[in-house]
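Please look at the structure below and follow its helices one at a time.

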Amino acid sequence: MVKLNKIYTRTGDKGDTGLVGGARRPKYDLRVEAYGTVDEANSAIGLARLHTKGEHDDMLKRIQHDLFDLGADLSTLYPPLTSPPLAGGNKRGGADKALRIIESQVKRLENEIDQLNASLSPLNSFVLPGGTPVSAYLHLARTITRRAERVACALATAEKINPLAIKYLNRLSDFLFVLARAANGNGVKDVLWKPGVNR
């Protein structure tokens, strides 16, 4: 279990920060940017959850836990510098005992996308973010998730990361889009883009 007794440590006062295992990176490093953007997406989902209840809220709560897993994954070098598993780490065996995103987390998102999408009518235009407050916040979370995915892809060109981290982010942005439509009365309150309407 993670234990946080002291909130400020002063260790980052010179512009660097610690990864899992103790390695230090500049705060502008791509790896730090990747898990920081994941944290930002998680915060936006927290805003959306102020307006959700029932099954939709349960889905988002699971995702918030996944995003902390993803942050731990991205903040752990691959292979990790430490050998002991993190609290709640996976049980897959092998040398990498770090907490990593796994295929079942991606598959759960895919199943939930299919479940939500079954009730939605097909689109004949792009959807503008908005309609209802929860939908607007979900679109905000979606666009932040897309940015996290872009940063993770850039990181993957520079050093090894878990490929399922990128796959999860890709599915999550799709999930948030579909849930935003579901939150708009299954698309009834969607605001559709009208190309060139103001020309």
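Predicted model: local features only at pLDDT ≥ 70, side-chain atom pairs only at ≥ 80, totals over all residues.

How do the two helices lie relative to each other? The axes of α3 and α5 come within 9 Å and cross at roughly 20°, and because angles under 35 degrees count as roughly parallel, α3 is described as roughly parallel to α5. The crossing of α3 and α5 is left-handed.

In soluble globular proteins, nonpolar side chains tend to be buried together. Here the largest nonpolar core has 41 residues, of which Ile-63, Leu-70, Tyr-168 and Phe-175 touch the most other members. Two or more residues of this core come from each of α1 (30–48), α2 (54–74), α3 (103–117), α4 (133–158) and α5 (163–183), and the largest share, 12 residues, is given by α5. If we set aside the neighbours of Leu-70 within four places in sequence, Leu-70 is in contact with Val-38, Ile-101, Ala-165, Tyr-168 and Leu-169.

Finally, consider Asn-42, which is found in helix α1. Is Asn-42 buried or exposed? Its relative accessible area is 6%, and because buried means under 20%, Asn-42 is buried. Not counting residues up to four places away in sequence, Asn-42 touches Gln-64, Leu-67 and Phe-68.

Technical notes. Residues numbered from 1 in each chain as written. Heavy atoms only, no water. Core = buried A, V, L, I, M, F, W, Y, C linked by side-chain atoms within 4.5 Å. Buried < 20%, exposed > 50% of the residue type's maximum accessible area, 1.4 Å probe, protein only. Helix = DSSP H or I, 4+ residues; strand = E, 2+ residues; numbered from the N terminus. Contact = heavy atoms within 4.5 Å. Axes fitted to C-alpha atoms, helices over the stretch in contact; angles between N-to-C directions. Parallel < 35°, antiparallel > 145°, perpendicular 65-115°, else oblique. Left-handed = near helix turned anticlockwise from the far one by under 90°.
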